[in-house]
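Hi,

Here is the structure I promised to pass on to you. Have a look at it first, and my notes follow below.

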Amino acid sequence: MKFARIIFANLKRKPIRLLLTLGSFAVALLLFSFLAVVRGAFILNDVASANRLIVINRTSIINLIPLSYRDKILRIPGVTYVTHYNWFGGIYQREENFFPQFVIDPENQRQVMPELVVSDDQWNAFLKDRQGAIAGAKTAERFGWKIGDRIPIKTTLYGGGAWEFNLVGIYHGKRPQDDDTQFWFRWDYFEERIPQEVKGQIGWYVLRVKDPDDAPRVAKAIDAEFLNSPNETKTETESTWIANWVKQWGNIQVLILTIGGVVFFTLLLVTGNTMAISVRERTSELAVFKAIGFSDRSVLFFVLAESITISLVGGLTGLLLAKLLMPVLAKGLSSILPILILSWGILGLGLLTALLVGLLSGLLPGLGAMRLRIVNALRRV
Amino acid sequence: MVKVDGSGGNASLIKVRDLDKTYRRGGEEIHVLQGLNLDVDAGEFIAFMGPSGSGKTTLLNLLGGLDVPTRGSITVAGDEITHMSASRLTEWRARHVGFIFQMYNLIPVLTAFQNVELPLLLTKLSKAERRDHVETALSVVGLADRMTHFPRQLSGGQEQRVTIARAIVSDPTFLLCDEPTGDLDRKSADEIMALIEELVGKHSKTVLMVTHDAVVAERANTTLHLDKGVLVEGLQSGPRLTTVGGHA
């Protein structure tokens, strides 16, 4: 493009100012990416399956439900598989080594959670070993575990002391957003060791329904089945359940959007001011362009091209930095937020935001340059 | 032939009729130009002189399509420019006018070559054709060896030469010079005037120039004097100025 030389020559006019503006874009987009990733980790909508329902005790999730409900749930039309979980809440070596430990029902785990994949050999080994355990790939990597390792986990909820597990398998999530940090062990081993008063009690059920559209009816039917019993249930789709879980953290989304909005607005002011100064410094030059025959639109184009180039280069630098630094952030936050994904969607949105800021920040000074009266501008020289 | 009484024929390159320009400052109307007539044939070299505020630069701006008159008409090579839309006037300027400013007004981040090339970017010329034109224009002004220099690396006289090259590169119908030597020492001013004379004499360019400097004005074929917005014949002394009817 024959005008590219003019645009780049103007961009290089004040190298330090250019670098600082590019830097402000890069830092803002880096922050934007981190905030978007953290927000995504809290929302977890992508994780939910449309045909899964969660059944918890109506009072709260920390109240248990009888195991005997399983067969009754299975008899409700539309339910295909039911599995159940208990929260173990143990400590591996030190408290800061947190990862979620679940007591699982080996019978239906793979049918209900098919996205968390364990090889058949490892699954068979799990079925054969009452003390067997399966760890998510991220947790195994984090602690350097290998198949055959003996993992001691101190219980905080069930009488104290360490429970020993044999690591027989490692699971992987099929999708990037799947949680690879869990630790599973068998219900029968758990049931054998827990105190008498909590035996036969599970934490929550997860079930699959035949038809996702039928899920609301199935949920109602389950809750109706246990109405007026000592342990009434609350059944929700997995996505609703996750959304309610997230609410316990406060309104993270508003917080993150507010910070993002402030960053965006600040960036707009910084680049808008830079572009305005840059155009003001060049008033007489722009007048010359117009005098020798460049149209008002060409002048607007030059100003917008500069601001959009700055925003694109700065934005791409920030997004590239985010891509490079994300593994470091993910490692640092793995115990709190196991799923940190810098998706193409976030990168695209970041680039679009940068473009929008570039366009808006160049528009006002560009329109000013466009409306410049040549005679007045030349008189200022 | 140059006429100021409105009696010029259709053959004139530039024809100005009953031109008024009024500015409003505060509540007061300032009549900068009043009922001005002018006919200029192709190949003329005219100097406009007059005290500050006499309307010299205003006239030049109107002739160059940078400003619009309050009343009257300007016709250049058959095109009446006074009623053109802003965008048509922009296109017209690109085709017909070469500007030479007192302060050179070069783009500091572009080289001499790139500055001269600017008007050609608005044409459909290929890159090679543009290069040929720019090299020719820079050769005419004697700066073929300074093509890659930035304005800050050139003297004032050289900068003005680049401005002249930029003004002539697209072969416009006429050149407008606003105090072309106003920022130069006498030697450089002489060189610039010699160059403008060469453009008129050798390349048959039509040049309209505003100047305060009587020595510079003497280099023109015709000198016209503007006083209080009126074009006055023969007020200036000197053999060339007693008539405005042609080359003295």
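In chain A, 82% of the contacts with a separation of 6 or more are between residues 24 or more positions apart; two residues are in contact if their C-beta atoms, placed from the backbone, lie within 7 Å. Please keep in mind that this is a predicted model, where local features need pLDDT of at least 70 and side-chain atom pairs count only at pLDDT 80 or more, while totals for chains, interfaces and linings use all residues. Residues are numbered from 1 along each chain as its sequence is written, and chains are lettered from A and ligands numbered from 1 in the order in which they are written.

Chain A has 14 helices and 12 strands (DSSP runs numbered from the N terminus: H or I of at least four residues for helices, E of at least two for strands). Its radius of gyration is 29 Å, well over the 21 Å that the globule rule gives for 381 residues, so chain A is more spread out than a compact globule. That radius is taken over C-alpha atoms, and the rule is 2.2 Å times the number of residues to the power 0.38.

Now to the partner chain. The contact takes 18 residues from chain A and 19 residues from chain B. On the chain B side, helix 2 (residues 86-96) gives the most, with five residues.

Enjoy exploring!
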